[in-house]
Amino acid sequence: MIRVGIYGATGYTGFELIKLLQRHHQAQIVFATARSAAGKRLGDVFPTMIDLPLIDAEEANLAAVDVVFCCLPHGTTAPTVQRSLEAGVRVIDLSADFRLRDPADYQRWYGNTHPAPELLASAVYGLPELHREAIRHARLVANPGCYPTSVILALHPLVRAGLMADTNVIVDSKSGVSGAGRSLSLKTHFGETHETFSAYNIGRSHRHIAEMEQETGLQVIFSPHLLPVFKGILSTIYVRLPAGTDAALVREAYGVYRDEPFVRLLPGGRLPELRHAVGTNLCVLGIHPVDVDSGRYILVSVEDNLIKGASGQALQNMNVMFGLEETLGLMS
Ligand SMILES: NC(=O)c1ccc[n+]([C@@H]2O[C@H](COP(=O)([O-])OP(=O)(O)OC[C@H]3O[C@@H](n4cnc5c(N)ncnc54)[C@H](OP(=O)(O)O)[C@@H]3O)[C@@H](O)[C@H]2O)c1
């Protein structure tokens with residue numbers, strides 16, 4: 001039995017993780033921390049059948065766990081990560097703090113000096129489809145961002161097969177409002193998102209670009225949008241392949257996912273929609289040839305931002321790290 005601690009259990013990702021862990025027969029939640037709700041029970045915060053005490057992070061007994069999940073805002077996790085690693089506990093951090101290998105990139109995109117640069121070299125970017133072997137042995141896994149998961153999984157086969165004729169890529173993503181977390185903000189409350197649709201941080205400003213570029217080696221122009229739904233991400237990606245590349249060759253490149261339990265490529269002529277992935281740990285891909293002669297293609301990628309884009313992927317990483325069946329807790 002893997003003994004688990006969760007920091008930030010009252011956030012969207014923390015609660016999603018708790019729900020997933022209920023279905024995992026080889027993991028047991030030993031502690032769950034909260035900030036404002038410390039001292040209450042999970043059932044007081046979310047009216048569900050799952051009941052756990054919520055403790056202050058200072059009271060967490062690291063000697064009693066094998067792994068912790070940090071479901072905390074970026075910029076706040078370093079002390080918890082450091083303390084956990086020193087106690088010999090493996091860490092899966094859902095925040096952005098350990099995703100970028102180069103501390104200068106962190107400074108550039110997050111505007112602060114990295115709080116624990118000495119840990120970056122050993123942190124593994126937790127996308128199992130790309131880094132499974134390294135994740136197996138990692139002490140610190142940096143769970144990918146929600147948008148980057150959908151984008152990197154769509155682009156990786158083309159990069160790997162050497163099919164990107166142009167390394168500049170345009171990515172247009174739409175996310176449900178839970179992507180911004182549970183804290184109140186003007187931008188994401190009901191009155192501001194219901195029955196409307198908006199773009200934000202477009203061009204070269206969204207921080208997730210850094211991960212996309214690190215993991216693909218491409219240059220990305222990124223336009224995120226806020227959808228008036230709770231969960232789900234749909235990314236539309238415009239690429240140029242060598243002139244004359246036919247669809248069969250492109251599909252062959254995606255054969256790299258043949259044995260992946262959580263990546264599906266739809267048959268030619270079909271495109272994924274949010275409902276194909278929401279509620280699951282799947283990333284579902286579609287390929288549309290725009291003009292074979294000039295090598296222009298469009299990729300469409302969908303996922304659940306709280307599952308494959310966050311807590312499901314985190315659980316997948318835990319399964320890999322502890323040598324368990326990778327799909328445990330994630331199939332139903
Ligand atoms: N939402 C997504 O789709 C998504 C996807 C991928 C990755 N992530 C990343 O996962 C992390 C958690 O996201 P989330 O959406 O679950 O956020 P959230 O809903 O805002 O929850 C954050 C949790 O951390 C606690 N917290 C807030 N500020 C804190 C602080 N300064 N110190 C300690 N605890 C604090 C909150 O407690 P209170 O309730 O008391 O504030 C809450 O339990 C973030 O780093 C986010 O970027 C999110």
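Let me start with Asn319, which touches His24, Leu324, Glu325, Glu326, Thr327, Leu328 and Leu330, leaving out residues up to four places away in sequence. Contact here means heavy atoms within 4.5 Å. This is a predicted model, where local features need pLDDT of at least 70 and side-chain atom pairs count only at pLDDT 80 or more, while totals for chains, interfaces and linings use all residues. Residues are numbered from 1 along each chain as its sequence is written, and side-chain values use heavy atoms, with hydrogens and water left out.

Asn319 is found in helix H10. Helices (H or I, at least four residues) and strands (E, at least two) are DSSP runs, numbered from the N terminus. Is Asn319 buried or exposed? Asn319 counts as buried, because its relative accessibility is 0%. The cut-offs are these: buried is under 20% relative accessible area, exposed is over 50%, and partly exposed is in between, with a 1.4 Å probe and protein chains only. A polar atom of the Asn319 side chain also lies 3.0 Å from the backbone oxygen of Leu328. That pair is a polar contact, which means N or O atoms within 3.5 Å; within protein, one must be able to donate a hydrogen and the other to accept it, and residues adjacent in sequence count only if both atoms are side-chain atoms.

Next, the domains. The domain assignment gives domain 1 (2-144 + 309-321) and domain 2 (146-304); such bounds come from an automatic or database assignment. In the contact between them, 23 residues come from domain 1 and 28 residues from domain 2. Their C-alpha centres lie 25 Å apart.

Some distances to oxygen atoms of the ligand follow. For Leu72, a polar backbone atom is 2.7 Å from a ligand oxygen. For Asn305, a polar side-chain atom lies 2.9 Å from a ligand oxygen. For Gly11, a backbone N or O atom lies 3.3 Å from a ligand oxygen. Taken alone, the ligand exposes 890 Å², and the protein buries 81% of that. These areas come from the Shrake-Rupley method with a 1.4 Å probe; for residues, only the protein chains shown count as cover.

On to helix H8. How many of the nine residues of H8 are buried? The count is nine of nine, and H8 is mostly covered. The buried residues of H8 pack against helix H4 (103-110), strand E5 (123-125), helix H5 (128-137), helix H6 (146-160) and strand E9 (219-226). Glu215 sits in H8, residues 208-216, and it counts as buried because its relative accessibility is 12%. The side chains of Glu215 and Gln214 are joined by a polar contact of 2.8 Å. Further along the sequence, Glu215 touches Arg101, Tyr125, Leu130, His131 and Ile152, not counting residues up to four places away. Just after H8, Gly217 takes a positive phi of about 75 degrees.

Strand E9 holds Phe222, which counts as buried at 0% relative accessibility. Outside four places in sequence, the contacts of Phe222 include Asn201, Ile209 and Met212.

Asn201 itself lies in the loop between E8 and H8. At 43% relative accessibility, Asn201 counts as partly exposed. Its phi is near 45 degrees, a positive value in a residue other than glycine. Most residues other than glycine have a negative phi. Glu195 also has a positive phi, of about 55 degrees, and is not a glycine. Glu195 lies in the loop between helix H7 (190-193) and strand E8 (198-199), and is exposed, with a relative accessible area of 70%.
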